[in-house]
Amino acid sequence: MLSNDHLPARTWEWLKVNDIDLKEANGLIGSAPVNEHVIASGQTGKTPMYLDCKVGDAGRQASLHNFEIGAGSVCTVIQFITSGNGDISSGEHVLQNRYHISDGAEFTLIQIQNLNDGWRLYNDCSGICDEGATFRRIQIVLGGGYTYMGEFCDLAGEKSRFICDIGYNIGGTHNLDMNYVADHHGRNSSSDIHVSGVMSDRACKVFRGTIDFHRGCAGAKGAEIEEVLLLDDTIENKTVPLILCDEEDVEGNHGATIGRLDENLIFYMKSRGIDEDEIYSMMAHARIDAVASLIPDMSVRDRVYEMISGPIERDCLKK
């Protein structure tokens with residue numbers, strides 16, 4: 001079953017974004033072929049593990065990855081989610097990642113998605129961080145027709161950490177739905193969710209970000225922020241921050257920056273001989289570049305840079 005299709009508390013009834021019906025995806029898990037991988041790490045090392053998730057070989061697919069990260073270990077997994085070169089140009093794919101990070105271990109999951117417009121992706125992730133454990137998730141979304149992404153990180157142990165950086169560039173009629181929950185139980189646990197995106201044409205996006213402080217997590221800190229660059233008047237953007245608190249000695253912060261580029265910045269760059277379309281293209285690419293720069297593998301960063309080097313269409317000022 002998918003674990004990230006609803007908010008922990010039904011707070012936003014009037015926006016109708018508390019949850020999303022993913023019955024079809026849950027049915028797919030039971031009916032489609034499932035490729036299961038169990039990966040255990042008991043050593044410290046910096047060599048990443050690469051998992052190519054090509055979805056072009058069948059119209060309906062599901063895959064499950066279980067990660068058991070041993071105490072004191074350091075593990076990095078890089079997943080490329082692409083359409084492949086098959087004849088099938090549309091379909092559905094469920095990708096589930098489950099993890100258990102033991103005491104003092106560090107697990108980094110990097111996902112780069114570049115599907116074509118005909119694909120519907122359900123990208124589900126959840127797990128537990130024990131004492132002193134760190135889970136870092138880096139995601140870049142560059143394509144797809146419908147993308148549903150979620151995270152439920154149980155910060156169970158004392159001084160456990162969740163760090164999440166997401167970059168997206170969506171256009172056309174791409175529909176992106178995100179639901180991320182930092183679930184604080186451990187004392188002095190911390191979470192940091194940073195989302196940076198670009199929207200154009202008729203794209204639609206919902207971002208739900210929840211920091212949930214449970215009783216007993218004294219000293220916990222959580223922060224979330226989203227920055228959205230809007231390139232057209234026809235997009236639909238919903239940013240839904242949520243902080244739940246059942247403990248007094250905690251610190252939670254959230255914020256959002258949504259809009260077009262500052263007119264003073266545009267004027268300054270135009271005075272330096274840069275035309276307006278190029279300015280928007282540069283700023284849009286910079287949003288994704290900033291997230292890509294966090295990827296520790298240079299060859300993977302280069303591959304991402306190639307994917308985002310295409311032109312950025314902007315129509316909002318052509319009036």
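The structure is a predicted model, in which local features need pLDDT of at least 70 and side-chain atom pairs count only at pLDDT 80 or more, whereas totals for chains, interfaces and linings use all residues. Residues are numbered from 1 along each chain as its sequence is written, and side-chain values use heavy atoms, with hydrogens and water left out.

The protein chain contains 4 helices and 16 strands; these are DSSP runs numbered from the N terminus, a helix being H or I over at least four residues and a strand being E over at least two. A contact requires heavy atoms within 4.5 Å. Among contacts between residues at least 6 apart in sequence, 85% join residues at least 24 apart.

Two of the strands illustrate how the chain is arranged. In strand S5 (residues 91-101), 10 of the 11 residues are buried, so this strand is largely enclosed by the rest of the structure. Two strands are said to pair if DSSP finds at least two bridges between them. Strand S3 (residues 60-69) pairs with S5 in the parallel sense over 10 bridges, and Glu 68 has His 100 of S5 as its bridge partner. S5 is also joined to strand S7 (residues 119-129) by 11 bridges, and these two strands run parallel. Here the bridge partner of Gln 96 is Asp 124 in S7.

Strand S11 (residues 175-184) is likewise largely enclosed by the rest of the structure, because 9 of its 10 residues are buried. Strand S9 (residues 146-155) runs parallel to S11 and is joined to it by 10 bridges. Another 10 bridges join S11 to strand S13 (residues 204-213), again in parallel. Met 178 of S11 takes part in both pairings: it is the bridge partner of Met 149, and its own partner in S13 is Phe 207. In a regular strand the side chains alternate between the two faces of the sheet.

The loop between S9 and S10 holds Ser 160. This residue has a relative accessible area of 0% and therefore counts as buried. When neighbours within four places in sequence are left aside, Ser 160 is in contact with Cys 129, Asp 130, Gly 132, Ala 133, Leu 155, Ser 189 and Ser 190.

Strands S4 (74-82), S6 (106-114), S8 (134-141) and S10 (161-170) each give two or more residues to the lining, with the largest share, 4 residues, coming from S8. The lining divides into 8 nonpolar, 3 polar and 5 charged residues, where Ala, Val, Leu, Ile, Met, Phe, Trp, Tyr, Cys and Pro count as nonpolar, Asp, Glu, Lys and Arg as charged, and the others, Gly among them, as polar.

The structure holds 0 disulfides, a disulfide being a pair of cysteine sulfur atoms within 2.5 Å. For Cys 245, the nearest cysteine sulfur is that of Cys 217, 7.1 Å away.

Definitions and conventions
Buried means under 20% relative accessible area, exposed over 50%, partly exposed in between (1.4 Å probe, protein chains only).
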